[in-house]
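This briefing concerns the structure shown below.

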Amino acid sequence: MTAVPAPTTGGGGKGRTEVRRRIGERWFTPYLFILPHFAIFLLMIGWPFFYGIWISMLDADAFSGADAPFVAFENYAKLFDPSDREFGRFWQTLWNTVLFVILSVPTLISIGLGLAALLNEKFRGRNGFRAIYFAPWTLGVSVIGLLWFWIFFNNGLATAVVELFGIDAPSWLSSQPWSWITIVIATIWWTIGFNTIILLAGMQAISADLYEAARVDGASKWQQFRHITVPSLRPILLLVVTLQIIASFNLVGQPQIITSGGPPTAQTTPVLLHLYNVGFKSPFDVGLAAAMAVVVAVVMVVVSLINFRFFSSERA
Amino acid sequence: MFHRHDTRPGRTHGWRSSSAILLALLALILAACSGNTGSASAGGAASEPAASGGTGGLGAPTNDVAIEFWTPFTGADGDTMEALVAQFNSETPTVQVTLQRLPDYYTAVNNAVQASETPAVMIMHIDALARYAAEEVVQPVTELSSQLGLSEADFTPAVWAGTMWKGEQFSIPLDVHPQVLYYNSDLLAEVGAEVPVDRETFEDALQKCTDAGYDQGVWSNHAFSAGLTWVSLFYQAGGEWTNEDFTEATFNSDAGVQASEYMLSIIDKGVQPQNVDPDAELTNLESLSSCFATTGIWQTTRLQASLGDAFGMTPFPQIFDGPGNWAGSHTLALRADLTGDELQGASHFIDWLTGHTVDWAAGGQLPARADVRASEEFAALADIPDVLPAIDAARFPPPIPGSGDMFFGPGGVWEKVAEMITSGADPQEGLDAAAEQYTEILQTSKEEFGY
């Protein structure tokens, strides 16, 4: 990871080009400092990463482990051959994941931004509200999943509320598009606090002078938000959008618990749940699951790069 | 897990570290797929076909042995099993059994196989057994069966056949769990319907219940509810999963289409909603919004508790001409390389356990052993004996690796049935597509496992 000075904070930054040797310091001293982390990184991240790629080139199942025959790109070929039986389900579930990204990222960013703007105002009980919005984020996916499952389950709270308005409630969990909507709602409720807090922190770092100058010039609240807050937040928005895309791509738990991937078959099964099923349930096709994971990883890297390019070009 | 972010704001190059995190995450998933890290252990537990002869016997060994017993029983059934194991341990001082109750059961078993930590005794579902026999994870028990004096007559022909792989027996059946029809006897009396046994009484009762406002039908969009219903109908119409040499999937036959069309006709009559959330069949029965619910026998204790005296259960009604009732079975298998005193202790435990299944049955199972089913203690149980006839109609998928996938697997029959009932997909087209896919899988699998 490269160290980049934090923007806007200013003050105290010493010249970074200056290389100074303290007493007793040798050329390898800095490397010793990173050694513990680097060793763990290699062991826990680096090695398994390449081992996973290796597995994806084996005809491996749960019983063979890594003693399986080498088949090079055969597992990948299954994923890219439209006549193969694995093709349809893989791309369908990948599309499911992408659909969730499309549905959830703009909502989570815009609602997060709006909440942050509100919480940035001065009012009584502000800290209480900040805590309340952040609180669900501290819960685990099983808690969230069960909670929203029971809210939307057959004749549950959601149905009762809708029927108060004289509307016939749909089968939330077993019909489209409702099953996706429930998953997105559950996710917003769960994770909105994180984006809000990060964006709020960013807003608090914006100099009050800018707003004061804008007020003097007669700018409205909306104009201030549009022309001061949003542009100043751009680096933080980049971070939040990127993290949100990655988090949304990693969708597994909510559909697994709330809709079981239904209604009732694979309509809300995300690709990571599909590859888990392929690898860990009968017929235990570990090699194929590993190949799917690699393809998904490549897709995610590409999406992250596009996202970064998009933000940095707008900046220029 | 989901949404555990890097929490440092304001780093314009955050995407780099994020990508690293994401790659790391995937790498971990991949690593997990490979089980343990040492390749030397792969298949280690299974490498030696067991010498099951000689030392095994009916009695407990004289030397002390400790037996690991793995099960997927995480609910109330696990408590029952815990009590049975405790009773066995107190009666048999030389054999001490430790029970493990594992969620995500086969993942745990597979990981144990990779790590050479396979337990001495494990539960194998009858449709999963062949794969573990083929992979030499479990050992043949043909000889043990004869030592215990057990034969086909002590079980049922169908469940006995389900424990066979390449002419050898690989496990001893513990129970049979059929699909059943639960009902509320108070509501049936109120609407003037009798307990359904055939097509006429079934449709009559559904109609009367619907007319009276108990209109939430009988099944939900769950593989264990609508799905099992399809399978029972398929069996009753004379359906076979495959041809005789297991090279062709044949569930797209007339029987499959008949089963599908019957389910659609029930929906068309307006006595079964098209969309019922999974598991809502149970809450609907509990909240008196339906007279019926169909799923496996394992929901018995829950519904007994919530319906009280109104609780009733019966085998799935006879809709078509032949007998047929979906069922599963828990069987007991032994680790491939188990020998000596351990093998003897484990064998003794299996014999004892399969003979002490009255309590197990009370938790919502039918005992596999005929002598237990014929016992007075069994006849004295509440409700369970009412579905005893289902055991003779019970059928299982063919005893080959992965045969359960034809129904439950990706692209399998259940998905097609679900699409058909929820969104009106054409039954024949769906079944044809699934049959084509599984014919391909059957042929690959036949080649791989050589049966």
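In this predicted model, Asn195(A), Ile198(A), Leu199(A) and Gly202(A) of H7(A) are in contact with Ile236(A), Val240(A) and Gln244(A) of H10(A). By class, the residues of this contact comprise four nonpolar, three polar and no charged.

**Helix packing in chain A**

- Helix H7 of chain A spans residues 178–204, and helix H10 of chain A spans residues 234–249.
- The axes of these two helices come within 10 Å and cross at roughly 170°.
- Angles over 145 degrees count as roughly antiparallel, and H7(A) and H10(A) are therefore roughly antiparallel to each other.

- Chain B contains 20 helices and 13 strands.
- Of the 451 residues in chain B, 54% are buried.
- For contacts in chain B between residues at least 6 apart in sequence, 77% join residues at least 24 apart.

**Domains of chain B**

- The domain assignment places 46–174 + 329–374 of chain B in domain 1 and 177–327 + 399–449 in domain 2.
- A distance of 30 Å separates the C-alpha centres of domain 1 and domain 2 of chain B.
- Domain 1 of chain B contributes 15 residues to the contact, and domain 2 of chain B contributes 15 residues.
- On the side of domain 1 of chain B that touches domain 2, the elements giving two or more residues are helix H4 (129–134), helix H6 (157–162) and strand S4 (164–165) of chain B.
- H4(B) gives the most to that side, with three residues.
- That side of domain 1 of chain B has eight nonpolar, five polar and two charged residues.

Notes. Residues are numbered from 1 along each chain as its sequence is written. Chains are lettered from A and ligands numbered from 1 in the order in which they are written. This is a predicted model: local features need pLDDT of at least 70, side-chain atom pairs count only at pLDDT 80 or more; totals for chains, interfaces and linings use all residues. Helices (H or I, at least four residues) and strands (E, at least two) are DSSP runs, numbered from the N terminus. A residue is buried if 20 or more other C-beta atoms lie within 10 Å of its own, exposed if 12 or fewer, and partly exposed in between; C-beta atoms are placed from the backbone. Two residues are in contact if their C-beta atoms, placed from the backbone, lie within 7 Å. Domain bounds come from an automatic or database domain assignment. Ala, Val, Leu, Ile, Met, Phe, Trp, Tyr, Cys and Pro count as nonpolar, Asp, Glu, Lys and Arg as charged, and the others, Gly among them, as polar. Axes are lines fitted to C-alpha atoms, for helices over the stretch in contact, and angles run from 0 to 180 degrees between N-to-C directions. Angles under 35 degrees count as roughly parallel, over 145 as roughly antiparallel, 65 to 115 as roughly perpendicular and the rest as oblique.
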